[in-house]
Amino acid sequence: MINQTPAQFIEFLKKENIKRFYFVYNTKKKTVVSSHSQLQSIADFLNNDKRDFNKHEGLFFQLTEKYDILQGAFVHRTNRGQASGGVRYWNYDLMEDYFRDGLRLANGMTYKNALAGLWWGGGKGVMIHNSKFDKKNRELRDYVYSQYGLFLSTLNGCYVTAEDVGTNVEDMAKIFSGTRFTTCIPGKLGGSGNPSVPTAKGVVKGMEAALKVNNMGTLKGKTIAVQGAGNVGEPLINFLFEKGVFKIIVADINPDNIYKVEKRFNGQNLETHLIEKNDNSILFENVDIVAPCAVGATLNPSTIPNIKAKIICGAANNQLEDSERDGLDVFKRGILYVPDFLTNRMGIVNCANEQYGFVNNDSLIENHFTEDWKFSVYQMTMQVLKKSQEEGIPPAVTANIMADKLSLENHPIMGHRSQKVIDSLVENKWELA
Ligand code: NAD
């Protein structure tokens, strides 16, 4: 079944008249339980998987009435609080790719949130686009996202969504029309707005910590290569110039964004490169730090041997194509890699507590930029990098070990409540409602 294409799988669901289904982890029996016997082979796949399945507490799915869109909520671990992470609307060739993506991303959010000291668990929403329809069509999107909101309402709050790749602010407003279990709603509806500037600021703090650990002083006078001059790249360049860096080299595939930074930083020591899509040569510049701020998987066997910088620290998600293989290669080359989920946390931090209202200079956000709070980007980066050096293991592995431990701490007030929510959904036969 996992080898089927999404279209084949959806046909199967329709034939069996399955509109909702789930897979939950039974901690007593130590096994994944499926809502429908017809879907047991997927539960078996999860039970036997050693790569991406990590005792995820619950995976919930619904098929939309119109457009045949499969919508999912992947809840990984909720000891620290409700599962939190964005919703992705993406194309997948096979059901296995879909499940693996959701599992991996949800686990990633558990670790990101825990290392950020947030009282949130980790989860991710993933929807499979039906390629028969135009994804940009507003009517379709309004339907898909409002249905997703209603879907989240049925899950009683064990997963709280946010914005992610392929989802925009207008889409978030549609989700909000169907549920209160969402963040990242538009500012005019009481949301926290675009997190890119705080994200860029978090990257700067990660760079400062890495320089300190490497005995390289401060950002003043350094040369930095930035891959991607988008929502994060542009404010990052600004913060770096404010910190007194000597020179910045930036590459982007989009001429508009290159033009924008040339205009904004006119007169400053900025070198721009308008490049082709697969050109990663910006990573090979003779600089102190490279900052991947474009797409994922740019750190791989074809790029790592050519990197001359001593530090890699950027905002892009999943920079290592293969976290184990490439993390080890970077480490063996003596390059200090600051795990992406450590430095780009401000995206989720900025929206995580938006339902508690807004205050100027919010300490719950500003704490992350300090140098003394134990969960700040600076402190956490120092801790991870030092521990990695002491123990002789790559920083991403160290960060995962630390995050795993933190993620098992129960919320100080709510305890492990979302697990109870999941148990209640199963008891109430959620799949039949
Ligand atoms: P964006 O789309 O605004 O910017 C990405 C930029 O990279 C664009 O200018 C694009 O033209 C450019 N680009 C794409 N492919 C490229 C390539 N091969 N080489 C060079 N440039 C290329 O996205 P963003 O919001 O700035 O986010 C950048 C990265 O950081 C993404 O991976 C995103 O998932 C991650 N991230 C962003 C935030 C946030 O707050 N925006 C938070 C966490 C993580």
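In which helix does aspartate 142 lie? I found aspartate 142 in helix H4, residues 138-154; helices here are DSSP runs of H or I with at least four residues, strands are runs of E with at least two, and both are numbered from the N terminus.

Before going on, I noted that this is a predicted model, where local features need pLDDT of at least 70, side-chain atom pairs count only at pLDDT 80 or more, and totals for chains, interfaces and linings use all residues. I also noted that residues are numbered from 1 along each chain as its sequence is written, and that side-chain values use heavy atoms, with hydrogens and water left out.

**Entry: aspartate 142, continued**

I looked up its cover next: aspartate 142 has 24% relative accessibility and so counts as partly exposed. The cut-offs I used are under 20% relative accessible area for buried, over 50% for exposed, and partly exposed in between, with a 1.4 Å probe and protein chains only. I then took a C-alpha distance, and aspartate 142 is separated by 8.6 Å from isoleucine 175, which is 33 residues apart from it along the chain.

**Entry: the ligand**

Which residues come nearest to the ligand? I listed Thr199, Val232, Asp252, Asn257 and Lys277, out of 23 residues around the ligand; a residue is near if one of its heavy atoms lies within 4 Å. I sorted the shell by type and got 11 nonpolar, 10 polar and 2 charged residues. For that sorting, Ala, Val, Leu, Ile, Met, Phe, Trp, Tyr, Cys and Pro count as nonpolar, Asp, Glu, Lys and Arg as charged, and the others, Gly among them, as polar. Helix H6 (196-213) and strand S10 (247-252) each give at least two residues to this shell.

I went on to polar contacts, meaning pairs of N or O atoms within 3.5 Å; within protein, one must be able to donate a hydrogen and the other to accept it, and residues adjacent in sequence count only if both atoms are side-chain atoms. A polar backbone atom of lysine 277 is 2.9 Å from a nitrogen atom of the ligand. I also found an oxygen atom of the ligand 3.1 Å from a backbone N or O atom of alanine 294, and an oxygen atom of the ligand 3.3 Å from a backbone N or O atom of alanine 315. The ligand taken alone exposes 820 Å², and the protein buries 79% of that; the areas come from the Shrake-Rupley method with a 1.4 Å probe, and for residues only the protein chains shown count as cover.

**Entry: aromatic rings**

How many aromatic pairs are there? I counted 21, pairing rings of Phe, Tyr and Trp (its six-membered ring) if their centres lie within 6.5 Å, with planes under 30 degrees apart called stacked, over 60 edge-to-face and the rest tilted. Phenylalanine 74 and tyrosine 98 make an edge-to-face pair, 5.7 Å centre to centre with 75° between the planes. Phenylalanine 74 sits in strand S4 (residues 70-77) and tyrosine 98 in helix H3 (residues 95-115), so this pair ties together parts that are 24 residues apart in sequence. Both phenylalanine 74 and tyrosine 98 are buried.

Phenylalanine 241 and phenylalanine 265 gave me a tilted pair, at 5.8 Å centre to centre and 45° between the planes. I looked up cover here too: phenylalanine 241 and phenylalanine 265 are buried. A cluster linked by ring pairs holds Phe9, Phe21, Phe23, Phe61, Phe74, Tyr92, Tyr98 and Phe99.

I checked for charges over rings as well, taking NZ of Lys or CZ of Arg within 6 Å of the ring centre and within 35 degrees of the ring normal. Lysine 135 lies over the face of tyrosine 89 at 5.2 Å from the ring centre, and lysine 201 over the face of phenylalanine 369 at 4.6 Å.

**Entry: positive phi**

Most residues other than glycine have a negative phi. Still, I read a phi near 65° for tyrosine 67, which lies in the loop between S3 and S4. Tyrosine 67 counts as buried, at 17% relative accessibility. I read a phi near 45° for asparagine 361, and asparagine 361 is exposed at 67% relative accessible area.
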